Amino acid sequence: MTPRTALRRVTPRKPQPSGKGPAKPSLLRIDARELLTKLDGLELSAHERLADRALEEQIVTLQLAPGSVWSETALSKRIRIGRTPVREAVQRLAADHLVSIMRRHGIMISQINVQEQLLVLEARRQLEGYIASRAARRGTAEQKLRVAQIAEAMRSTGKGGDVISFLRYYYFSKKMLCEAARNPYAARAIAPLHTLSRRFYFLHHKEFDDLPVVAEHHAAQAAAAAVGDEEAALQASERIVDYAEGFTKRIVTGSL
């Protein structure tokens with residue numbers, strides 16, 4: 001199957017009457033901004049703790065600066081969530097190497113290290129294609145419908161230069177692919193790698209001004225999974241990691 005075929009859009013079937021009340025509105029019939037709102041609320045209420053999501057985004061977008069030290073109380077006030085969920089979120093973030101807990105000193109946000117980022121990508125290469133291809137094989141029609149819409153939203157925000165919205169769609173794209181792949185062990189392993197990669201990209205994206213290119217790579221992966229094309233999903237995943245490695249090595253060498 002050619003890349004052009006892999007990127008074709010999914011056209012959902014019209015819902016059939018079931019006698020169980022009105023059907024849910026199609027995600028393909030809302031614009032990108034509305035989709036982001038719907039996805040955020042859906043994923044948080046169903047699968048995720050709010051404190052984790054809030055702290056993770058602040059780490060990715062450098063609002064919690066690398067190397068900075070915080071108390072639980074300060075983090076709780078910052079994201080307006082109680083100390084108990086914040087404490088639990090910090091424990092999970094520490095397990096993912098995103099923060100370090102220093103007894104009697106506070107919580108330090110992990111530093112950004114270019115050499116370590118190459119190790120992150122080395123690990124991602126082993127998992128990225130596996131998850132995308134399994135999502136193409138095992139995903140439900142509803143999951144693939146969402147992934148197809150997220151692919152279009154990533155393209156839209158990439159072309160529009162909206163890096164914050166793109167990174168949010170990136171987050172939901174990878175989360176949906178992991179859910180569709182139905183391998184919780186692979187999903188658990190790759191989640192912190194995606195967070196570290198998103199943060200690294202956010203730090204350096206202005207140096208390259210390549211958001212449309214990056215968005216297209218990730219959209220191609222999602223679109224391939226959405227139409228059930230395992231081979232195209234694998235190839236798109238390889239292109240994602242190849243590009244990210246090239247991006248990182250240019251930071252190392254200073255060849256911008």
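Author: Happy to. A residue counts as buried when its relative accessible area is under 20%. Keep in mind that this is a predicted model.

Reader: Thanks! With that in hand, how many residues of helix 7 are buried?

Author: Helix 7 is mostly covered, with 14 of its 20 residues buried.

Reader: And what span should helix 7 have, at 1.5 Å a residue?

Author: Its 20 residues, 141–160, should span 28 Å, and the end C-alpha atoms lie 29 Å apart, which agrees.

Reader: What comes just after helix 7?

Author: Gly161 follows, and it takes a positive phi of about 75°.

Reader: Let's zoom out. How many helices and strands does the protein have?

Author: There are 11 helices and three strands. Along the sequence the pattern reads α-α-α-β-α-α-β-β-α-α-α-α-α-α.

Reader: Nice. Which residues touch the most other members of the largest nonpolar core?

Author: Those are Leu55, Leu75, Ile131 and Phe166, in a core of 59 residues. Helix 8, residues 163–181, gives the largest share of this core, with 12 residues. As background, nonpolar side chains tend to be buried together in soluble globular proteins.

Reader: What does Phe166 touch, leaving out residues up to four places away in sequence?

Author: Phe166 touches Met154, Thr157, Leu211, Val214, Ala215 and His218.

Reader: Switching to packing: at what angle do helix 6 and helix 10 pack?

Author: Helix 6 (residues 114–138) and helix 10 (residues 211–226) pack at about 35°, and their axes are 7 Å apart. Helix 6 contributes Arg124, Glu128, Ala132, Ala135 and Ala136 to the contact, while helix 10 brings His218, Gln221, Ala224 and Ala225. By class, that makes five nonpolar, two polar and two charged residues.

Reader: One more, about Lys175: is it buried or exposed?

Author: Lys175, which is found in helix 8, has a relative accessible area of 18%. The cut-off for buried is under 20%, so Lys175 is buried.

Methods. Residues are numbered from 1 along each chain as its sequence is written. This is a predicted model: local features need pLDDT of at least 70, side-chain atom pairs count only at pLDDT 80 or more; totals for chains, interfaces and linings use all residues. Side-chain values use heavy atoms; hydrogens and water are left out. Helices (H or I, at least four residues) and strands (E, at least two) are DSSP runs, numbered from the N terminus. The expected span of a helix is 1.5 Å times one less than its number of residues. Buried means under 20% relative accessible area, exposed over 50%, partly exposed in between (1.4 Å probe, protein chains only). A nonpolar core is a set of buried Ala, Val, Leu, Ile, Met, Phe, Trp, Tyr and Cys residues joined through side-chain atoms within 4.5 Å. Contact means heavy atoms within 4.5 Å. Axes are lines fitted to C-alpha atoms, for helices over the stretch in contact, and angles run from 0 to 180 degrees between N-to-C directions. Ala, Val, Leu, Ile, Met, Phe, Trp, Tyr, Cys and Pro count as nonpolar, Asp, Glu, Lys and Arg as charged, and the others, Gly among them, as polar.
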